[in-house]
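Please find below a colleague's note on the structure shown here.

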Amino acid sequence: TEHPTCHGVSTDLSDYFLTRRQFLNRMGMGVGALSLANLLDPRDLIAAQSDANVATGPLTPRASHFAGKAKAVIHIFAQGAPSHVDTWDPKPSLTQMHGKSIPGGDIALGSPFKFSKYGQSGLEVSDLFAKTAAHADDLAVIRSMWTDIPAHEVATVFMNTGSLRIAKPSMGSWLVYGLGTENQNLPGFIALRGGGLPPGGSANYQAAFLPGVYQATSINTQAPTVPLMIQNIRNTYVGKSEQRRQLDMIHQLNELHAQNLQRDAALETRLESYEIAFRMQAESLDAFDINKESEATRAAFGIGAPGSRGSDQAKQLLIARRLIERGVRVVQVWHQGWDHHQDIQTRLTAKAGEIDQPLAALITDLKQRGLLDSTLVVWGGEFGRKPTRDRNGSPSPGRDHNAKAFSIVMAGGGVKGGTVHGATDEFGAASIVDKVHPHDLHATILRCMCLDHTKLTYRFNGRDFRLTDVAGNVIKPLLA
């Protein structure tokens with residue numbers, strides 16, 4: 001038997017894997033097609049075949065529900081629950097009551113940090129974020145967030161997926177499912193983490209019942225070199241042309257299997273991961289190499305000598321900009337360590353110091369490159385902190401968990417800068433004006449990305465699911 005690639009022999013794999021029923025069916029259909037060809041213009045048949053061969057895939061860019069400028073999201077997750085009353089929600093009454101009992105019987109802990117007004121908008125921001133606050137007129141601060149459960153792992157996954165119980169797709173997965181991505185040589189959704197997994201693990205950026213191609217590619221940015229950061233991409237044994245030939249053969253065999261039997265979601269996901277890994281060889285090493293940025297740019301982000309304070313977070317944000325610049329749809333940046341039950345003055349100062357300069361530099365950089373209007377930047381954690389001393393009795397006080405109030409900061413694509421939405425009570429204990437739930441936040445982020453959260457659905461187990469479940473209202477005052 002001649003090799004399938006030899007001259008004059010069919011290269012269609014299905015010709016070599018036929019059941020008797022398929023053989024009889026193909027013969028019968030073939031005779032019918034010959035008769036039909038005499039009735040139709042052959043040019044129509046050629047055009048139809050050409051249209052069928054147009055390359056499409058699950059990550060191909062798709063039209064949004066609305067017209068708009070926003071094309072990408074950088075979500076900076078401050079995991080551990082930052083204290084809103086020390087950062088973005090000033091409470092003079094709390095400062096006045098410092099050391100005294102407030103409603104509820106606990107002892108008030110006034111913020112040790114000064115708040116100042118910034119920009120033409122007069123946005124009040126803690127001096128902890130003085131550099132970011134220089135962009136006050138580009139920022140929108142939601143001061144009336146609340147969530148369901150003040151437990152880190154549950155609340156973290158909930159903030160990312162909108163689900164407290166069953167495993168559901170992350171917001172990033174929904175965005176890539178709805179919009180695709182603009183660079184087919186890189187994943188549509190990338191999660192940058194500095195070391196280990198966050199509380200809740202990969203459930204925070206999973207695809208769940210969506211096809212696996214929409215889940216995030218998780219990258220440990222603490223690796224000292226780019227090749228160690230992105231492992232198992234380069235094949236040092238087989239050239240690219242041979243790799244391409246092998247992948248094409250695997251795809252053909254899988255398609256034949258699907259036609260004869262049924263599609264296997266796990267197998268489809270595995271093949272897509274192989275395909276993305278192959279394509280990443282062309283761009284991934286370059287995209288993650290911040291040494292290709294100018295010295296001035298690296299210094300603006302706060303990247304200095306290895307191990308210098310803030311260098312890890314700065315590295316992540318600079319990589320995030322490089323990925324967005326190359327067409328990645330969603331980049332999630334993990335910044336852990338915001339759980340301050342004690343010594344909040346020292347620890348919060350250090351933690352905010354890791355993000356303030358890089359975040360300010362990111363906004364400046366996006367603006368200078370004309371990318372801020374098309375890139376939505378979101379910063380925040382899973383819940384807030386109480387306005388009172390933690391009950392652990394530490395001589396250096398901190399704050400306990402608070403699900404009733406916290407703040408989220410947004411900038412860029414589709415957001416009205418210099419805006420404050422909602423309010424907490426006089427001490428910051430609970431949101432009371434224009435309260436915003438995570439479902440509302442998700443609906444608003446999707447709207448900024450020109451998607452209707454009620455229409456972005458996926459049918460699973462006989463039901464149409466969406467990121468916002470059966471809730472969620474767009475926060476219209478935040479929209480530009």
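Predicted model: local features only at pLDDT ≥ 70, side-chain atom pairs only at ≥ 80, totals over all residues.

1. Residues are numbered from 1 along each chain as its sequence is written, and side-chain values use heavy atoms, with hydrogens and water left out.

2. The protein chain contains 13 helices and 16 strands; these are DSSP runs numbered from the N terminus, with helices being H or I of at least four residues and strands E of at least two. Of its 480 residues, 48% count as buried (under 20% relative accessible area, with exposed over 50% and partly exposed in between; 1.4 Å probe, protein chains only). Of the contacts between residues at least 6 apart in sequence, 77% join residues at least 24 apart, a contact being heavy atoms within 4.5 Å.

3. Helix α11 (residues 311-325) reaches 21 Å from its first C-alpha to its last, close to the 21 Å expected at 1.5 Å a residue; the expected span is 1.5 Å times one less than the number of residues. Helix α11 is mostly covered, with 13 of its 15 residues buried. G327, which follows α11, has a positive phi near 100°.

4. The structure holds 13 aromatic pairs. Rings of Phe, Tyr and Trp (its six-membered ring) pair if their centres lie within 6.5 Å; planes under 30 degrees apart count as stacked, over 60 as edge-to-face and the rest as tilted. The rings of Y177 and Y214 have centres 5.7 Å apart and planes at 75°, so this pair is edge-to-face. Y177 lies in helix α6 (residues 171-179) and Y214 in the loop between β5 (189-193) and β6 (217-220), so the pair ties together parts 37 residues apart in sequence. Y214 is buried, with a relative accessible area of 5%.

5. The rings of F209 and F465 have centres 4.9 Å apart and planes at 45°, so this pair is tilted. The pair links F209, in the loop between β5 and β6, with F465 in strand β16 (residues 463-465), 256 residues apart. Both F209 and F465 are buried.
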